[in-house]
Amino acid sequence: MSKKCNLCGNEMADAAKFCNNCGAELSVQPEVTYQQPQQTQQPQQQQIVYQAPQNATQNVQNDYEKPMSIKDWLLTIFLLSLPFAGFILLLVWAFGGTEKTSKSNYCKAVLIYGLIAVGLSILIMIVIFGIVGTAFTAFNNGSYYNYY
């Protein structure tokens, strides 16, 4: 017959006085078994997580995020190069909300560059007309002919 350690449950020889596993004394003691304390479960707070429904709207939204093919880009750039229709298409594609995100952002960027170009052109024209106007004023006042 063998002894069993009261702490760790390791089986020992009958003559052993200490446990080889945990080192506890194997004297005659009432057998005590270790029981894990029961954990009381506290009610968990429910977390509300919104999940969008899996429907056609989500598929359409994902369609807007897909990259455009080279054929689409070539057609877009060709149509934007048309004199009056290109400008109208630029406005529709930029602000219409029915085009892919990359195409819409491209059209918005082209509009911003166009506005910057128009603004700089107006500024340069003002400077040029100022210089030319000053030269004509000086020429008409006769300051060019003060050498006589």
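Helix α4 buries Lys-103, Ser-104, Cys-107 and Leu-111, where buried means under 20% relative accessible area, exposed over 50% and partly exposed in between, with a 1.4 Å probe and protein chains only. Please keep in mind that this is a predicted model, in which local features need pLDDT of at least 70, side-chain atom pairs count only at pLDDT 80 or more, and totals for chains, interfaces and linings use all residues. Residues are numbered from 1 along each chain as its sequence is written, and side-chain values use heavy atoms, with hydrogens and water left out.

**The chain as a whole**

Let's step back for a moment. The chain holds four helices and two strands, and from the N terminus on its elements run β-β-α-α-α-α. Helices here are DSSP runs of H or I with at least four residues, strands are runs of E with at least two, and both are numbered from the N terminus. Of the 148 residues in the chain, 12% are buried. Among contacts between residues at least 6 apart in sequence, 27% join residues at least 24 apart, a contact being heavy atoms within 4.5 Å.

Helix α3 covers residues 83–95, and its 13 residues reach 19 Å from first C-alpha to last, close to the 18 Å expected at 1.5 Å a residue. That expected span is 1.5 Å times one less than the number of residues. Within α3, Gly-86, Leu-90, Trp-93 and Ala-94 are buried. Seen down the helix axis, these buried residues fall within an arc of 95°, so they line one face of α3; the arc is taken from the directions from the axis to the C-beta atoms. The face turned away from the buried side carries the exposed residues Phe-84, Ile-88 and Phe-95. On the buried side, the residues of α3 pack against α2 (70–80) and α4 (101–140). Just after α3, Gly-97 takes a positive phi of about 85°.

The 40 residues of α4 should span 58 Å at 1.5 Å a residue, and the end C-alpha atoms are 58 Å apart, which agrees. The buried residues of α4 pack against α2 and α3.

Side chains of opposite charge can pair when their charged atoms come close. Lys-103 forms a salt bridge with Glu-99, the closest N and O atoms being 3.3 Å apart. The rule asks for a side-chain nitrogen of Lys or Arg within 4 Å of a carboxyl oxygen of Asp or Glu, and the count comes to one salt bridge.

Leu-120, also in α4, is one of the residues in a nonpolar surface patch of about 1,100 Å², which includes Ile-112, Tyr-113 and Phe-136. Patches join residues with over 30% relative accessible area and no salt bridge, like charges within 9 Å and nonpolar side chains (Val, Leu, Ile, Met, Phe, Trp, Tyr) within 5 Å.

Here are the accessibilities of four residues:

| Residue | Relative accessible area | Class |
|---|---|---|
| Lys-103 | 11% | buried |
| Ser-104 | 12% | buried |
| Glu-99 | 25% | partly exposed |
| Leu-120 | 47% | partly exposed |

Conventions:
Areas by Shrake-Rupley, 256 points an atom, 1.4 Å probe, with all protein chains shown as cover.
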